[in-house]
Amino acid sequence: MELRPEEITKIIRSQIKNYEHKMEASETGVVITVGDGIATASGLDKCMSGELVEFPDGSFGMAQNLEEDTVSITILGSDQGIKEGDTVKRTGRVVSVPVGKGLIGRVVNALGEPIDGKGTIEAETYRAIEMPAPGIIERQHVARPLQTGIKAIDSMIPIGRGQRELIIGDRQTGKTTIATDTILNQKGKDCICIYVAIGQKRSTVAQVVESLALGGAMDYTIVVSATASELSPMQYIAPYAGCSMGEYFMYQGKDVLVIYDDLSKHAVAYRAISLLIRRPPGR
């Protein structure tokens with residue numbers, strides 16, 4: 001085979017002409033220790049509190065403790081694919097969840113990913129899980145009631161739209177039943193409901209979803225599930241994720257009912273994370 005200099009020159013010139021030099025700059029660190037859903041990394045000097053960081057296996061974590069030389073990261077998912085010496089990369093954004101009408105009628109995890117097997121979710125936008133609360137002046141007065149459908153509650157201790165209500169009781173006394181009955185009672189009242197299950201059994205969450213579906217309540221309800229089998233970081237961010245989804249509709253002028261079932265499990269998850277990253281476990 002004979003190669004002519006003109007052909008070689010033509011090939012080289014075309015490659016030089018089409019050559020694109022792309023440079024990607026990103027701040028990276030190195031994983032020092034990993035275990036129990038917590039990773040400690042060094043080298044992330046400009047990392048923000050609550051920032052999303054990425055590991056080589058594609059999993060993500062949330063920066064929590066920003067110390068002088070290290071950053072404690074709560075891993076959002078399994079830590080099986082992460083090992084000592086791995087590179088961890090900053091993303092430059094805080095932990096966010098998808099929000100919008102596409103989530104209504106769906107069951108999602110604490111990151112807004114669908115877990116009901118009904119395909120992907122068309123998100124209208126993303127919203128950070130930790131946002132500043134509206135000021136006192138911006139808030140409306142509590143003037144309209146939220147009917148639970150239970151006459152004893154609605155007559156003696158009515159719940160107003162815009163207030164918080166704590167349901168206290170021993171085990172198996174019907175706390176979840178009151179919450180689900182309230183969701184079922186919002187049918188046709190232009191109120192979007194968000195049920196956040198924290199630290200519950202998967203079978204229990206499945207029963208709640210089934211009862212809501214039978215009552216036609218899934219047409220205006222979002223279920224956020226962080227079950228007992230998931231790691232503490234997922235249970236920790238679940239209420240924040242549910243609140244962010246609700247705030248999106250709130251700023252559109254809609255009424256939203258958010259139910260956290262239950263926050264005692266959330267306190268246990270936060271305590272576990274705090275002890276693992278050597279932070280005072282109190283709020």
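This note covers a sheet, its salt bridges and a surface patch in a predicted model.

1. **The open sheet.** Four strands form an open sheet in the order E8-E13-E12-E14, and the pairing is parallel. The edge strands are E8 (107–108) and E14 (255–261), each of which pairs on one side only.

2. **The E12–E13 pair.** Strand E12 spans residues 191–198 and strand E13 spans residues 221–226. Six bridges join them in the parallel sense.

3. Helix H4 (residues 202–214) lies across E8, E12 and E13. Relative to E13, H4 runs at about 175°.

4. **Salt bridges: count and network.** The model has eight salt bridges. A network of them links Glu27, Glu51 and Arg90.

5. **Glutamate 27 and arginine 90.** In this salt bridge the closest N and O atoms are 3.0 Å apart. Glutamate 27 sits in the loop between H1 and strand E1 (28–35), while arginine 90 belongs to strand E6 (residues 87–94), so the pair ties together parts 63 residues apart in sequence. Glutamate 27 is partly exposed, at 22% relative accessible area.

6. **Arginine 127 and glutamate 247.** Here the closest N and O atoms are 3.1 Å apart. Arginine 127 is in strand E9 (residues 125–128) and glutamate 247 is in helix H5 (residues 232–250), so the bridge ties together parts 120 residues apart in sequence. Are the two residues buried or exposed? Arginine 127 is buried, with a relative accessible area of 15%. Glutamate 247 is buried too, at 14%. The cut-off for buried is under 20%.

7. **Arginine 144 and aspartate 255.** These side chains meet in a salt bridge at 3.1 Å, N to O. Arginine 144 lies in the loop between E9 and strand E10 (145–146), and aspartate 255 lies in E14, so the contact ties together parts 111 residues apart in sequence. Arginine 144 counts as partly exposed, at 45% relative accessibility. Aspartate 255 counts as partly exposed as well, at 21%.

8. **The nonpolar patch.** Which residues make the nonpolar surface patch? They are Ile8, Ile12 and Ile16, and the patch is about 280 Å². Isoleucine 12 is found in helix H1 (residues 5–17). Its relative accessible area is 44%, so isoleucine 12 is partly exposed. Patch residues must have over 30% relative accessible area.

Note on methods: Residues numbered from 1 in each chain as written. Predicted model: local features only at pLDDT ≥ 70, side-chain atom pairs only at ≥ 80, totals over all residues. Heavy atoms only, no water. Patch = residues over 30% accessible without salt bridge, like charges linked within 9 Å, V, L, I, M, F, W, Y side chains within 5 Å. Areas by Shrake-Rupley, 256 points an atom, 1.4 Å probe, with all protein chains shown as cover. Salt bridge = Lys/Arg side-chain N within 4 Å of Asp/Glu carboxyl O. Helix = DSSP H or I, 4+ residues; strand = E, 2+ residues; numbered from the N terminus. Buried < 20%, exposed > 50% of the residue type's maximum accessible area, 1.4 Å probe, protein only. Pairing = 2+ DSSP bridges. Contact = heavy atoms within 4.5 Å. Axes fitted to C-alpha atoms, helices over the stretch in contact; angles between N-to-C directions.
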